[in-house]
Amino acid sequence: MQEIKVGVNDAGQRLDRFLQKHYMTLTKSMMYKAIRNKKIKVNRKRCTYDQKLQEGDSILLFLPYEFLETRQKACPVNTGSIDVVYEDDDIVLVNKPAGLLSQSDEKGLQDTLVNRIQYYLYQKKEYDPQRENSFAPAICHRLDKNTSGLILAAKNARALRLMNDAIACHKVRKVYCAKIEGTPLWDTKEVLCYIKKQETKALVAAEAKPGYKEAHMHVKVLKRQRQYSIVQIFLETGRFHQIRASMAYLGYPLCGDIKYGYKGSRKSYSLCAYHLEIGDVDLPIANKDFTIPISF
């Protein structure tokens with residue numbers, strides 16, 4: 001028999017999802033069978049696979065130990081520093097540089113913003129993977145590798161749930177700034193098109209088509225030069241490569257964005273999530289309006 005005490009960062013999860021995170025050798029079929037046969041109990045009582053766990057619950061597993069091998073909990077590794085814009089007991093807001101992955105896209109150790117944040121909190125003794133059953137600090141949203149700017153991360157499970165819900169309900173407002181090729185004749189423009197992800201590129205259509213999703217944003221010209229302009233962009237939707245593909249669709253690709261039609265000599269595009277506002281969230285956030293300087 002093995003017992004797990006449910007911690008504060010485990011509470012609120014379904015039993016089956018928690019067990020899948022915690023054990024690497026417990027298959028789904030074995031787990032569901034054990035729950036049906038009362039080989040897995042919560043607080044010494046019969047449980048259901050979709051039962052929501054509470055802090056302090058005791059999970060008992062009456063199974064052979066070969067099915068109860070826990071996932072390895074390696075200590076975070078220092079892969080680089082982070083630029084902290086704001087921090088409290090629940091969240092940390094960081095400025096991600098262009099060229100850094102938001103999160104891992106393959107197995108093995110990678111230099112990502114998530115790994116850097118986890119190491120930062122580990123060094124501050126605010127995160128210890130050995131004391132957690134299933135939770136690790138995580139980002140609430142992400143930016144493409146070559147996009148810079150503000151990203152929110154949560155230090156605990158409650159903050160992660162609340163921020164994810166706020167983002168889903170459009171209570172977190174992100175504003176971008178981009179350097180585009182050309183000089184639009186308009187000052188502001190509402191852009192409504194339709195986008196479909198095809199492998200590593202976004203296809204754009206003017207009208208709704210099967211497989212295409214609505215992409216809606218507002219663009220404002222901030223500065224015009226002879227060959228380029230600086231624009232501010234507010235997204236109403238968050239589609240794959242929406243800003244890059246939509247601006248190219250308008251005839252003004254991002255400077256350096258060869259994938260979407262740029263023909264000049266620049267090697268990388270300039271796109272930054274430079275402003276972020278947090279709306280009504282049940283967290284004691286001291287400041288909810290953040291702006292970072294634009295370097296292009």
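User: How many helices and strands does the chain have?

Analyst: This is a predicted model, and in it the chain has five helices and 15 strands. Of its 296 residues, 45% count as buried, and the C-alpha atoms fill a box of roughly 75 × 45 × 35 Å along the principal axes.

User: How do you know how many disulfides the whole structure has?

Analyst: A pair of cysteine sulfur atoms has to lie within 2.5 Å to count as a disulfide, and a search of the whole structure finds zero. For Cys177, the closest cysteine sulfur is that of Cys272, at 7.3 Å, which is too far for a bond. For Cys255, the closest cysteine sulfur belongs to Cys177, and because the separation is 12 Å, that pair is too far apart as well.

User: What makes Cys177 buried or exposed?

Analyst: The label buried requires a relative accessible area under 20%; Cys177 has 3%, so Cys177 is buried. Cys255, at 5% relative accessibility, therefore counts as buried too.

User: Which residues of helix 5 are buried, and which strands do they pack against?

Analyst: In helix 5, which spans residues 242-250, the buried residues are Gln242, Ile243, Arg244, Ala245, Ser246 and Met247. The buried residues of this helix pack against several strands, including strand 9 (172-181), strand 12 (213-224) and strand 14 (271-278). Just after helix 5 comes Gly251, with a positive phi of about 100°.

User: What share of the contacts joins residues at least 24 apart?

Analyst: Among contacts between residues at least 6 apart in sequence, the share is 63%.

Terms used
Residues are numbered from 1 along each chain as its sequence is written. This is a predicted model: local features need pLDDT of at least 70, side-chain atom pairs count only at pLDDT 80 or more; totals for chains, interfaces and linings use all residues. Side-chain values use heavy atoms; hydrogens and water are left out. Buried means under 20% relative accessible area, exposed over 50%, partly exposed in between (1.4 Å probe, protein chains only). Helices (H or I, at least four residues) and strands (E, at least two) are DSSP runs, numbered from the N terminus. Contact means heavy atoms within 4.5 Å.
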